[in-house]
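This briefing is intended to be read beside the sequence and the model. Please keep both in view while following the points below.

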Amino acid sequence: MTGLFDWLAANPLPGAILLIALGLILIFLLAYFQGREISLWPPRLSGRPISLPTHIPSSMSVMDAIRTRKSVRLFQDQPVEQEKLDLVLEAARLAPSASNRQEWRFVVVRQPETRKLLAGIAASQGHVCKAPLVIVACADTDEHIMQSGQLCYPIDVAIALDHLSLAAVELGLGTCWVGAFDEDKVRQLLGIPSRIRVVQLMPLGYPADLSPVEKMRLQLDKIVKYEHW
């Protein structure tokens, strides 16, 4: 050890680089074993340590979930179990994002009075307060623009919410995308910092009506081109 200290004293710059490198390796190893998300660029260490089921017995395929998903506006008076909430949030956490930026942030609103106020801010849409909880999807963003000219954060938050909504279907839950709201008033109600964008509200709960809905969608030949427009 004395020899190491003597070398560090005689070589301060290489020694500092070595110590920094060892510190970074230690941080990444700790993060890895805790199950945290690591991004080299932009540099990020995020996500809490998780202990969630890695598999849920289910006969539902991804295509089944896509076909079954519908906008739910009538919910049962039944709370969402914490385990199921954790699972749908984990589905969102695992979504891809531009440069692995992971700009999404989620505020879970359960309190009835807060949900009632939130519904008033969201064009008085009753299902916002009648769902047992509302996920307020936000973005902690520097408003990075991709080479395509598109902002990253609206796309990335939408991808995360789509993961969440499909996971919800598998768990017997329903969701609804809500984009009609006053962003500044949502920030004020929930104490969200001014730098944070509020992208969507998503009520979550057990659907009162389990019947399927017919999806009115354009046929593939109306929306798909091959090789050129």
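In which helix does Cys-129 lie? Cys-129 belongs to helix α6, residues 126–130. The model is a predicted one, in which local features need pLDDT of at least 70, side-chain atom pairs count only at pLDDT 80 or more, and totals for chains, interfaces and linings use all residues. Residues are numbered from 1 along each chain as its sequence is written, and side-chain values use heavy atoms, with hydrogens and water left out.

**Overall architecture**

- The protein chain has nine helices and six strands; helices (H or I, at least four residues) and strands (E, at least two) are DSSP runs, numbered from the N terminus.
- Of the 229 residues of the protein chain, 34% count as buried; buried means under 20% relative accessible area, exposed means over 50%, and partly exposed lies in between (1.4 Å probe, protein chains only).
- Contacts between residues at least 6 apart in sequence join residues at least 24 apart in 72% of cases in the protein chain, where contact means heavy atoms within 4.5 Å.

**Packing of α4 against α7**

- Helix α4 (residues 82–93) packs with helix α7 (residues 152–170) at an angle of about 145°, and their axes are 7 Å apart. Axes here are lines fitted to C-alpha atoms, for helices over the stretch in contact, and angles run from 0 to 180 degrees between N-to-C directions.
- On the α4 side the contact is made by Val-88, Leu-89, Ala-91 and Ala-92, and on the α7 side by Ala-160, His-163, Leu-164, Ala-167 and Ala-168.
- The residues of this contact divide into eight nonpolar, one polar and no charged. In this division Ala, Val, Leu, Ile, Met, Phe, Trp, Tyr, Cys and Pro count as nonpolar, Asp, Glu, Lys and Arg as charged, and the others, Gly among them, as polar.
- The crossing of α4 past α7 is right-handed; a crossing is left-handed if the near helix is turned anticlockwise from the far one by less than a right angle, and right-handed if clockwise.

- Cys-129 is partly exposed, because its relative accessibility is 24%.
- Leaving aside neighbours within four places in sequence, Cys-129 is in contact with Arg-115, Lys-116 and Ala-119. The C-alpha atoms of Cys-129 and Leu-117 are separated by 8.0 Å, and these residues are twelve apart along the chain.
- Ile-66 is placed in helix α3 and counts as partly exposed at 36% relative accessibility.
- Not counting residues up to four places away in sequence, Ile-66 touches Leu-166 and Lys-215. Ile-66 and Ser-165 are 99 residues apart in sequence and 9.3 Å apart in space, C-alpha to C-alpha.

- Ser-71 lies in the loop between α3 (62–68) and α4. Its relative accessibility is 36%, so Ser-71 counts as partly exposed.
- Apart from neighbours within four places in sequence, Ser-71 is in contact with Thr-175 and Cys-176. Between Ser-71 and Pro-207 there are 136 residues of sequence separation and 9.6 Å in space, C-alpha to C-alpha.
- Ile-196 is found in the loop between α8 (183–190) and β6 (197–205). Ile-196 is buried, because its relative accessible area is 7%.
- Leaving aside neighbours within four places in sequence, Ile-196 is in contact with Cys-138, Ala-139, Asp-140, Glu-183 and Arg-187. Ile-196 and Asp-140, 56 residues apart in sequence, are 5.0 Å apart in space, C-alpha to C-alpha.

**Positive phi at non-glycine residues**

- Glu-143 has a positive phi of about 55° although it is not a glycine. Glu-143 sits in the loop between β4 (133–139) and α7, and at 39% relative accessibility it counts as partly exposed.
- Glu-227, also not a glycine, has a positive phi of about 75°. Glu-227 is placed in the segment after α9 (220–223) and counts as exposed, because its relative accessibility is 79%.

**Aromatic rings**

- The charged end of Lys-225 sits over the ring of Trp-229, 5.3 Å from its centre. A charge sits over a ring if NZ of Lys or CZ of Arg is within 6 Å of the ring centre and within 35 degrees of the ring normal.
- The structure holds zero aromatic pairs. Rings of Phe, Tyr and Trp (its six-membered ring) pair if their centres lie within 6.5 Å; planes under 30 degrees apart count as stacked, over 60 as edge-to-face and the rest as tilted.
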